[in-house]
Amino acid sequence: MAAAVAAFASLSPLHSSPSFLFSCPRLRLRAFHRLPIIRAASSPIEFNITFAPSPQTPKILVPDPSPQAPSSSSLPLLIPWIVRDENGNLKLQSTPPARFLHALSEQKLAKEKKNLKQTKATSDSSSPSKTSSGQPKYSKAARRFYNEKIREPQRLSKVLAAAGVASRRSSEELIFEGKVTVNGSVCTSPQTRVDLLKDSIYVNGNRISKKLPPKLYFALNKPKGYICSNGEESKSVISLFDEYLKRWNKINQGLPKPRLFTVGRLDVATSGLIIVTNDGDFAQKLSHPSSKLSKEYIATIEGGVRRRHLIAISEGTEIEGIHCTPDSVELLPTQPDAAKPRLRIVVHEGRNHEVRELVKNAGLQLHSLKRVRIGGFRLPHDLG
């Protein structure tokens, strides 16, 4: 390799002046005679060639999916909430206020109710066997055939209650006293199966109409001083419907007058929402504990309300041997026209005097109590 480099170095002046070399023949031969002979080596020549390193690409760090490595998704997301405490001062907390959660639940209930209505409307419109009102599209002859041949008989006490004679318990007492006759014979068993369209039923000598009154449902804003009784008291909740029932025969000719009753009860001093109906099955579903319907009350308090009072109410109290705990308790903001503090208390058990006992157990004095919601139905603001 060194000989080859020296040969090329000796050729460099010849290469730089070619005209001089070929103009003198003797110098030309003499110069070529002095050149060393380059012979090829028997073994191949090895060249040590290296290349510049390629630019490094940025490394992407992939988190380790192993359970030992902490994952950011497993960490809880903390959202700060700025709320006012019972003294009116701003404070920072990690949980949302109860009023905000209550508004979210109401929005969810309204959305589910709206979706249910849309689903029902879609099914009614797609079904060819129903009309726009949802009633089956059967002819008069088909309905008569069903009522006469297929419809199952019902208990006598239930038929009397549905016809508006009396409540189911009072109807049983009338049957036991022998004041009810079925097809000319005195019947003393409330479980007797009868058909109102086929059988002739008399109570105290008055024949029961073959037609049943329609199902009615009322939302009443009960005032103070009225009791939830189905008797003949002058200041009962049912007495508020006297004018409506007096006009019944003029408005609904040929239909028997309905027997209205309240679903559940409210104290004499408690005002607010109460349901009035003549549908016994509906009232049973609404008032049964298995329905787990929440009821919301607004309690106006005499004096001041502190944090310890709210904690005492939320811990619950014992009523009739059972420890009752409210679903939520919240101190409402003060209003310009109402100087007394107000509490929103939500319960679902509905035991006798439950809200009053919760307030009393916390050491507070109750000024007034009003129920504003049952389940997903809220008392309208414009209902007097």
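Modeller: Let us begin with a term: two strands pair if DSSP finds at least two bridges between them. Please also keep in mind that this is a predicted model.

Colleague: In that sense, how do S17 and strand S18 pair?

Modeller: S17 and strand S18 (residues 377-378) pair in the antiparallel sense, over two bridges. Isoleucine 374 has phenylalanine 377 in S18 as its bridge partner.

Colleague: What lies between the strands of that hairpin?

Modeller: There are two residues between the strands of the hairpin of S17 and S18, and glycine 375 takes a positive phi near 65° there.

Colleague: Which way does S17 run relative to strand S11 and to strand S12?

Modeller: Strand S11 (residues 270-277) and strand S17 (residues 365-374) run parallel and are joined by three bridges. Strand S12 (residues 295-302) and S17 run antiparallel, with eight bridges joining them. In general, strands of a sheet pair through backbone hydrogen bonds, and the pairing may be parallel or antiparallel.

Colleague: What about the pairing of S11 with S9 and S10?

Modeller: S9 and S11 run antiparallel and are joined by six bridges; asparagine 221 stands opposite leucine 273 in S11. S10 and S11 also pair in the antiparallel sense, over three bridges, with valine 263 opposite isoleucine 275 in S11. The hairpin of S10 and S11 has six residues between the strands, and glycine 264 takes a positive phi near 80° in that hairpin.

Colleague: Now the open sheet of four strands. What is its order?

Modeller: The order is S5-S4-S7-S8, with antiparallel pairing.

Colleague: Which strands stand at the edges, and why does one side of each lack a neighbour?

Modeller: Strand S5 (185-186) and strand S8 (206-207) stand at the edges; each has a single partner strand, so one side of each is left without a neighbour in the sheet. Strand S7 (residues 201-203) pairs with S8 in the antiparallel sense over two bridges, and the bridge partner of tyrosine 202 in S8 is arginine 207.

Colleague: A change of topic: how many aromatic pairs are there?

Modeller: The count comes to four aromatic pairs. One of them is formed by tyrosine 217 and phenylalanine 282, which are edge-to-face, 5.0 Å centre to centre with 80° between the planes. This pair links distant parts of the chain, 65 residues apart: tyrosine 217 is in strand S9 (residues 217-222) and phenylalanine 282 is in helix H10 (residues 280-287).

Colleague: How exposed are those two residues?

Modeller: Tyrosine 217 is partly exposed, at a relative accessible area of 45%. Phenylalanine 282 is partly exposed as well, at 30%.

Colleague: Which residues do ring pairs link into a cluster?

Modeller: The cluster consists of Phe218, Phe241, Tyr244 and Trp248. A ring can also meet a charge: the charged end of lysine 235 sits over the ring of tyrosine 226, 4.9 Å from its centre.

Colleague: Next, the pockets. How much space lies in the largest pocket, and what lines it?

Modeller: The largest pocket holds about 1,400 Å³ of space. Its lining has 39 residues, and Ala161, Arg168, Asp279, Gly280 and Asp281 lie nearest its centre. H10 gives the most to this lining, with five residues. By class, the lining has 12 nonpolar, 13 polar and 14 charged residues.

Colleague: And what of the second largest pocket?

Modeller: The second largest pocket has a volume of about 910 Å³. It is lined by 31 residues, with Arg84, Asp85, Leu310, Glu330 and Leu331 closest to its centre. This lining divides into 15 nonpolar, seven polar and nine charged residues.

Colleague: Lastly, is valine 355 buried or exposed?

Modeller: Valine 355 counts as buried, at 4% relative accessibility. Its place is in helix H12 (residues 354-361).

Methods: Residues are numbered from 1 along each chain as its sequence is written. This is a predicted model: local features need pLDDT of at least 70, side-chain atom pairs count only at pLDDT 80 or more; totals for chains, interfaces and linings use all residues. Side-chain values use heavy atoms; hydrogens and water are left out. Rings of Phe, Tyr and Trp (its six-membered ring) pair if their centres lie within 6.5 Å; planes under 30 degrees apart count as stacked, over 60 as edge-to-face and the rest as tilted. Buried means under 20% relative accessible area, exposed over 50%, partly exposed in between (1.4 Å probe, protein chains only). A charge sits over a ring if NZ of Lys or CZ of Arg is within 6 Å of the ring centre and within 35 degrees of the ring normal. On a 1 Å grid over the protein atoms alone, a cavity is a set of points where a 1.4 Å probe fits but cannot get out, and a pocket is an open set with protein on both sides within 12 Å along at least five of seven lines; lining residues have an atom within 4 Å of a point. Grid points are joined across faces, edges and corners, and a volume is the space filled by probe spheres set on the points. Ala, Val, Leu, Ile, Met, Phe, Trp, Tyr, Cys and Pro count as nonpolar, Asp, Glu, Lys and Arg as charged, and the others, Gly among them, as polar.
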